[in-house]
Amino acid sequence: MNKKLQQIYDGFADTYDENRGLFDMSDVFDSFYARLSSEKGNILDLGCGAGDSFSRFFIDRGWRATGVDFSRRMLELASGYVPDMQAFH
């Protein structure tokens, strides 16, 4: 793992947290979701960050989500925003 890159993302986490509501990805997610079968399942969100966009979207629709990120700070945010996502560092 690249420690410098990890430090950059850890430092970026607070800025992300302060601005997380600025981008609406619902059109992109809705379009993607419409192409999936109606069965619920599991998703693996690699580089999940705070988990509050992609994983949250699927969990809200009955899926189980596992998030993986190398930023401990982003995963701390994820534990608050998406506590039902299983997260790994």
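Author: Two strands count as a pair if DSSP finds at least two bridges between them. The model here is predicted.

Reader: How many strands does the open sheet have, and what is their order?

Author: Strands of a sheet pair through backbone hydrogen bonds, either parallel or antiparallel. In this model, 3 strands form an open sheet in the order S1-S2-S3, and the pairing is parallel. Strand S1 (42–46) and strand S3 (86–88) are the edge strands, each pairing on one side only. From one strand to the next, the twist averages 15°.

Reader: How many bridges join strand S2 to S3?

Author: Strand S2 (residues 64–68) is joined to S3 by 3 bridges, and the two run parallel.

Reader: Turning to the helices, where is the kink in H1 centred?

Author: The kink in H1 is centred on Ala13 and comes to about 35°. As for length, H1 has 17 residues and spans 25 Å from its first C-alpha to its last, close to the 24 Å expected at 1.5 Å a residue.

Reader: And the pockets: how much space lies in the largest pocket?

Author: Rolling a probe the size of a water molecule over the atoms shows where empty space is left. In this model the largest pocket holds about 390 Å³. It is lined by 15 residues, and those closest to its centre are Tyr16, Arg20, Phe23, Met25 and Ser53.

Reader: Which elements give two or more residues to that lining?

Author: Helix H1 (3–19), helix H2 (26–34) and helix H3 (54–59) do. H1 provides the largest share, 4 residues. By class, the lining has 6 nonpolar, 4 polar and 5 charged residues.

Methods
Residues are numbered from 1 along each chain as its sequence is written. This is a predicted model: local features need pLDDT of at least 70, side-chain atom pairs count only at pLDDT 80 or more; totals for chains, interfaces and linings use all residues. Side-chain values use heavy atoms; hydrogens and water are left out. On a 1 Å grid over the protein atoms alone, a cavity is a set of points where a 1.4 Å probe fits but cannot get out, and a pocket is an open set with protein on both sides within 12 Å along at least five of seven lines; lining residues have an atom within 4 Å of a point. Grid points are joined across faces, edges and corners, and a volume is the space filled by probe spheres set on the points. Ala, Val, Leu, Ile, Met, Phe, Trp, Tyr, Cys and Pro count as nonpolar, Asp, Glu, Lys and Arg as charged, and the others, Gly among them, as polar. Axes are lines fitted to C-alpha atoms, for helices over the stretch in contact, and angles run from 0 to 180 degrees between N-to-C directions. The expected span of a helix is 1.5 Å times one less than its number of residues. The bend at a residue is the angle between axes fitted to the seven residues ending there and the seven starting there.
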